[in-house]
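Biologist: I would like to go through some labels on this model and the criteria behind them. Please set each value against its definition.

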Amino acid sequence: MSTSPKITVATTWLDGCSGCHMSFLDMDERLIELAQHIDILYSPLVDNKILPESVDIGILEGSVSSDEDVEKARAFRKHCKILISLGDCAVNGNVPAMRNHFKLADVIDHAYRETATLQAQIPTQQVPALRAIVQPIHAVVEVDIYVPGCPPSADTIWYVLSELIAGRQPNPSAVTRFGA
Amino acid sequence: MPLPANRPNVRVVTLQIDGQDLSAREDETIIEVCREHGIPIPSLCYLDGLSIWGACRLCLVEVTGQGRLLAACSTRVTEGMQIQTNTETLQRYRRTIVELLFAERNHVCSVCVSNGHCELQFMAQMCGVDHVRVPHRQVSYPVDSSHEMFRVDHDRCILCTRCVRVCDEIEGAHTWDVMGRGSDCQVITDMAEPWGDSDTCTSCGKCVQVCPTGALVKQGTSVGEMVKDQHFLPILARRRHIL
C-alpha cells in the first residue's frame, strides 16, 4: 500500500457502545500523524454520511444484532478492500450476545414492558428489527483482520493501522486479547 | 493417582526437544522437562502438584516415530526421544482446541472477575486466537452462589478438574466431582447439591485458587479483581508425599 495518495478509511458501529471509537480518539496527538497517511471518508467521527464506492480499510465496531447491522456489514464488505473487526463485540459478540440465552420476545418484553415506568410499549417504528441471535461480524461477512479488546487500546489501534500503512500484515495477538 | 515420590536410583536419559539436546530423569514427563528448560508448552488441566489428568490436550507434542500426537503431561521421557513442541500442525490443533472451549460455554472476558488473570484468556492470546471460527453454542449454564465465601459459574468452567483433584488430593475433602457427559458434563459439590449446603466442604478455597478461569471465584469480586495464588500447591503437594 503506497503512502501517496492517502489510504482511505471508513468506520461505523453496529451493536456496540462506541467505546472502540472512543479508543480510536484516544490516540490523541498521534491522530495528527495518522491524518498525514489516511483520509477518513466515512465515520460517525466525520461529517460525510455516504459510504464511498471504494475504500481501502473498513473498520467495524459492534456485533450484528439487527437487520440494519447486517446491511451495514454487507455494505462495508462490498465497499472496503480490507475489513477490520474492531473490539470484542465485533469479534465474538461480547456483551450484546449475552442476550442470546433468552428468547428475543422475553428480552424485548423485559426491556420495554417489565422495566418501563411510563408508557410501557414495544417500539415498532424508526428502530431496526432485532435478530433472534446476536452474532460476531464474521458470521455474516468475511473479515480480514480481527482486533479483540474491550475496547482495544489506543496503542493497539495505532499498531494495527501503522502496520497496514507500512504495507505489513498486523498480528493483533501480539498486542491485545479478548477482554483487554 | 498419587504423585510418584522421587526414587533415589533413577536413571538419566538423553533426548532432543525442538533440536535441543537435553538430559532428564527417566521418571520425568515431557512437560516437566520442558518447564525446567523454559520451553513453552500451553496447558490448562495440568498443574504442578496435582495428579495428571490429560484432558485439555493443549500440551500435545510430536514425537518422532509415533504415529499419533502425545500429551506432554502424561508421557514420560525415554532415551533418544525426539520431540517437537511447536509445529504448524500443533499450532493449528491448539488454536482449534481453545476456540472450541470459547464456543462451548460463555467466556465473556470483558465482564469476568478473572479478566486479566485468566489462564484461558492468556492461552487464547498465546495460541493466536483472535476470533472463534465456529458458532457459539449459545447455551446457558447455572451459577451457584449459595456458599458464603465462594461462587461457581459453570458458564466459565472448562472442565479441567483441577478443583476436583486439589479437593481430593491436597485438602482430602473430595467435595468436588464430575457429573454428566458431553455438553451436560459439570463439576458438582457433594451429590450435586448447592455448594452452601455441603457437609464436606471445609471452605479452604484451594479449588478457587487453582481454577484457571473465572468459574470458581471469591464472593464480592468485581470485573478483573479475582487474582489467584497457586504458590501453596507445590509446597503442600511435596509435604503430603514426604509423610
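Modeller: B:Gly80 lies in the loop between β4 (70-71) and β5 (82-84) of chain B. Helices (H or I, at least four residues) and strands (E, at least two) are DSSP runs, numbered from the N terminus. This is a predicted model, in which local features need pLDDT of at least 70 and side-chain atom pairs count only at pLDDT 80 or more, while totals for chains, interfaces and linings use all residues. Residues are numbered from 1 along each chain as its sequence is written, and chains are lettered from A in the order in which they are written.

Biologist: Why is B:Gly80 called exposed?

Modeller: A residue is buried if 20 or more other C-beta atoms, placed from the backbone, lie within 10 Å of its own, exposed if 12 or fewer, and partly exposed in between. B:Gly80 has 11 within 10 Å, so the label is exposed.

Biologist: What makes β6(B) and β7 of chain B a pair?

Modeller: Pairing requires that DSSP finds at least two bridges between two strands. β6(B) and β7 (residues 150-153) have two bridges, in the antiparallel sense. B:Val143 has B:Asp153 as its bridge partner in β7(B).

Biologist: Which strands form the open sheet, and in what order?

Modeller: The order is β6-β7-β10 in chain B, with antiparallel pairing. β6 (143-144) and β10 (216-218) are the edge strands, as each pairs on one side only.

Biologist: How many residues does each chain bring to the contact?

Modeller: Chain A brings 22 residues and chain B 17, where contact means C-beta atoms, placed from the backbone, within 7 Å. Helix α4 (residues 88-92) gives the most on the chain A side, with three residues.

Definitions and conventions. Contact = placed C-beta atoms within 7 Å.
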